[in-house]
Amino acid sequence: MAYIKKKSERKFKITICNGYKVNGQKRMKAQTITVPSTVPKRGIQQYVMAEAERIEK
C-alpha cells in the first residue's frame, strides 16, 4: 500500500508499506520524487501513481 504526500507542486513523498516484520513492526520505505517539467499538469497525478506502483514492486 502506498501513501502519497504532496510536498510542493511537483514534489511528492511516497511511502510504501511492505508487510510486517516478525516482531510486528511495519516494513516501510519512503522516497521523494520530483515530477519532470516535461509532464503536463494534467498528467502529474498519473505519473505519481505510476512511480508509486514501480517503487512498490
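Mentor: A salt bridge is counted when a side-chain nitrogen of Lys or Arg lies within 4 Å of a carboxyl oxygen of Asp or Glu. Please keep in mind that this is a predicted model. In general, side chains of opposite charge can pair when their charged atoms come close.

Trainee: How many salt bridges does the structure hold?

Mentor: There are 2 salt bridges in the structure. In one of them, E51 pairs with R54, and the closest N and O atoms are 2.8 Å apart. E51 and R54 are 3 residues apart in helix α1, so about one helical turn separates them.

Trainee: Which residue forms a salt bridge with E9?

Mentor: The partner of E9 is K41, with 3.2 Å between the closest N and O atoms. This pair links distant parts of the chain, 32 residues apart: E9 belongs to the loop between β1 and β2, and K41 to the loop between β3 and α1. E9 is partly exposed, at a relative accessible area of 45%, whereas K41, at 61%, counts as exposed.

Trainee: How should I read the helix itself?

Mentor: An α-helix has 3.6 residues a turn, so residues three or four places apart point the same way. Helix α1 runs over residues 44–56, and at 1.5 Å a residue its 13 residues should span 18 Å; the end C-alpha atoms are 18 Å apart, which agrees.

Trainee: Which residues of α1 are buried?

Mentor: The buried residues in α1 are I44, V48, E51, A52 and I55. They lie on the same side of α1, because they cover an arc of only 100 degrees around the axis. Q46 and E53 are exposed residues on the face turned away from that buried side.

Trainee: What do the buried residues of α1 pack against?

Mentor: They pack against three strands: β1 (2–6), β2 (11–20) and β3 (26–34).

Trainee: Finally, which residues form a nonpolar patch on the surface?

Mentor: M1, Y3 and M28 form such a patch, and together they have about 330 Å² of accessible area. Of these residues, M28 is located in strand β3. Its relative accessibility is 45%, so M28 counts as partly exposed.

Key
Residues numbered from 1 in each chain as written. Predicted model: local features only at pLDDT ≥ 70, side-chain atom pairs only at ≥ 80, totals over all residues. Heavy atoms only, no water. Helix = DSSP H or I, 4+ residues; strand = E, 2+ residues; numbered from the N terminus. Expected span 1.5 Å × (residues − 1). Buried < 20%, exposed > 50% of the residue type's maximum accessible area, 1.4 Å probe, protein only. Arc of directions from axis to C-beta. Contact = heavy atoms within 4.5 Å. Patch = residues over 30% accessible without salt bridge, like charges linked within 9 Å, V, L, I, M, F, W, Y side chains within 5 Å. Areas by Shrake-Rupley, 256 points an atom, 1.4 Å probe, with all protein chains shown as cover.
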